[in-house]
Amino acid sequence: MFCIHKILFEYKLRFNKSIFYMNYRLATFLLLEFLFIFCFDIIPINRYIFTLKQPNTIPIQLPIIGWVTVMNNTENQIVWGGQINPSIDHYNIYRNSISQDVGWTLIGKVKYPGNSYFNDMNAYSNIQSYQYKVSIVDLCDDEISSSIIHETIKLDLRKKNDGQFSLNWNLYNGLKIESYHILRGTSPNNMVPVDSVSEFVASYTDNSFSNENRYYQVEGYGLIEDSVIVNEYKTNWIKIQSNIVSSKDDSILDIHNNIKVYPNPLSNYSIVVLPYNSIKPYQIGIYDYTGKAVYNQTVYSDEFILNRGNMKK
């Protein structure tokens, strides 16, 4: 694949020639020895016509995300439809934090040819949902962004006054979901479906009673309509998983609807999510019941890990 605009720029630097061209993607250019005002009816002096053609170039298609799912409760996996095109250099993966207005952030690159998936290891799936999009960068550094954004499923659990457990989640965005299945078990490894709700329902109450610690997860059954992804993964259906929550620990401590802490109570460490402010840093202070400061730290982002350290239980 020829990068026409780069070739012309190098020609200008090497031969000190001024360059006049209509559209490098049309691959027809005028190389001039003098700089002229952009005008169609001018008659330049010493005009040369220079034509380049891209041999057997396959058009790059818009990248399409197949699905985004939570894995191991600590990371999110983004899967997209792979293309066979030698003009591709790499894929860019972007993430947008839902609970804070931080905008889109480039979180990774996948070189072509290679995997058609990316694992976001820095996502706090128990704290919030995330939006993702994928773009393709060709050999000329031109970027083609995906048109459909996908958002993960974030599951919360609350214990009601009558002892029942209430599950709430956000509806998956980016793929047609046929139904949501409720999984339950005594450990994260033995959960089985116990019920299901329709595609527009985002809550569920477990009416059964048990003194055992229970784990819950929601799976969205999605219909894949993109033929490239269907052919690559040999299926029209995919199970999209939420994070896993436990009845033993309250999922989230929400202070004034702004500061979120998980897990709570603090064991060895907790993840803290703050209302993001890109101008000023945060000064975090923790005090014991006597008013003595036991923890102080300045943070410069909306998410950080709080280690227990020497703090007493």
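**Close-ups of a predicted model**

**View 1. Who sits around I78?** Skip the neighbours within four places in sequence, and I78 is in contact with I65, W67, V68, I93, S116, Y117, F118, D120, Y132 and V134. Keep in mind that this is a predicted model. I78 also belongs to the largest nonpolar core, a group of 43 residues. Along with L167, W169 and Y172, I78 is listed among the residues with the most contacts inside that core. Strand β9 (residues 130-138) gives this core its largest share, four residues. Apart from this core lies another one, made of nine residues, and I284, Y295, L306 and M311 are among them.

**View 2. T69, tucked into strand β4.** Look for T69 in strand β4, which covers residues 65-71. Is T69 buried or exposed? T69 counts as buried because its relative accessibility is 7%, and the cut-off for buried is under 20%. The side chain of T69 reaches the backbone nitrogen of Q241 at 2.8 Å. Q241 also turns up in the contact list of T69, together with E75, N76, Q77, K239 and I240, once neighbours within four places in sequence are left aside.

**View 3. I286 and its partners.** With 24% relative accessibility, I286 counts as partly exposed. Which residues does I286 contact, leaving aside neighbours within four places in sequence? They are K292, A293, V294, Y295, L306 and M311. Take M311: I286 and M311 are 25 residues apart along the chain, and their C-alpha atoms are separated by 9.7 Å. You've met Y295, L306 and M311 already, as members of the nine-residue core.

Conventions: Residues are numbered from 1 along each chain as its sequence is written. This is a predicted model: local features need pLDDT of at least 70, side-chain atom pairs count only at pLDDT 80 or more; totals for chains, interfaces and linings use all residues. Side-chain values use heavy atoms; hydrogens and water are left out. Helices (H or I, at least four residues) and strands (E, at least two) are DSSP runs, numbered from the N terminus. Buried means under 20% relative accessible area, exposed over 50%, partly exposed in between (1.4 Å probe, protein chains only). A polar contact is a pair of N or O atoms within 3.5 Å; within protein, one must be able to donate a hydrogen and the other to accept it, and residues adjacent in sequence count only if both atoms are side-chain atoms. Contact means heavy atoms within 4.5 Å. A nonpolar core is a set of buried Ala, Val, Leu, Ile, Met, Phe, Trp, Tyr and Cys residues joined through side-chain atoms within 4.5 Å.
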